[in-house]
Amino acid sequence: MTTLYLVRHGETVDNANHIMQGQTQGELNDKGREQARELAVQMSSEHIDVFVASDLWRAVETCRILAEPYGAEVITTELLRERDWGSFTGRYIPDLKDVEWPDDIETIDALKSRARRFIDFIRENFPEKRVLAVGHGVINKAVQAVFYDKEMKDIAPMRNTEVRQLML
């Protein structure tokens, strides 16, 4: 059985400013880097075989901080990218509360299909391994929804650098 430690990246400049990041690269702020360093200390007693991250910079940077004590490289995959928010990307989140959703947002079905492919990627490439994977809030929800066969709304949001363990 493969153990997956699913992590959300550290806080970013846009998280702190309530900006919809979507598939933009994003940048950890000082708090986000500190959150990642604290998590690295908390995870130091865990044996991790493989470190995987979304190919977006905020996840890669978080994962590199977590992999550093292990002297490990980070494998990136676009399967773990955040949801594509289309024309909502870059907008101030509170302003979107009652706005009609545009057609260019990645659908839940597409998001869950990508999450399913991510789970398959981990199972196929890292059997019997302990994998730490750094993703994003919504794709991590989708991974859990697929794994537990639940609706997205039934999965609690993840805080920055929160870890959830899945046995694949």
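The legends below accompany several close-up views of one predicted model.

Residues are numbered from 1 along each chain as its sequence is written, and side-chain values rest on heavy atoms, with hydrogens and water left out. Because the model is predicted, local features need pLDDT of at least 70 and side-chain atom pairs count only at pLDDT 80 or more, whereas totals for chains, interfaces and linings use all residues.

**View 1. The open sheet has five strands in the order S3-S2-S4-S1-S5, with mixed pairing.** Strands (E, at least two residues) and helices (H or I, at least four) are DSSP runs numbered from the N terminus, and two strands pair if DSSP finds at least two bridges between them. The edge strands, each pairing on one side only, are S3 and S5 (163-167). Strands S1 and S5 run antiparallel and are joined by five bridges, with Leu 166 in S5 as the bridge partner of Leu 4.

**View 2. Thr 3 lies in strand S1 (residues 3-8).** Thr 3 is buried, with a relative accessible area of 6%, where buried means under 20% relative accessible area (1.4 Å probe, protein chains only), exposed over 50%, and partly exposed in between. Leaving aside neighbours within four places in sequence, Thr 3 is in contact (heavy atoms within 4.5 Å) with Lys 129, Arg 130, Val 131, Gln 165, Leu 166 and Met 167.

**View 3. Helix H2 (residues 30-42) and helix H3 (residues 57-67) cross at roughly 35°, their axes coming within 8 Å.** Axes are lines fitted to C-alpha atoms, for helices over the stretch in contact, and angles run from 0 to 180 degrees between N-to-C directions. Arg 33, Ala 36, Arg 37, Leu 39 and Ala 40 of H2 make the contact with Glu 61, Thr 62, Ile 65 and Leu 66 of H3.

**View 4. Helix H3 is largely enclosed by the rest of the structure, because nine of its eleven residues are buried.** The buried residues of H3 pack against S1, H2, S2, strand S3 (74-77) and S4. Helix H3 lies across S1, S2, S3 and S4, and runs at about 165° to S2.

**View 5. The largest nonpolar core has 29 residues.** Such a core is a set of buried Ala, Val, Leu, Ile, Met, Phe, Trp, Tyr and Cys residues joined through side-chain atoms within 4.5 Å. Among the residues with the most contacts inside this core are Leu 4, Phe 118 and Val 131; the largest share, six residues, comes from H5.
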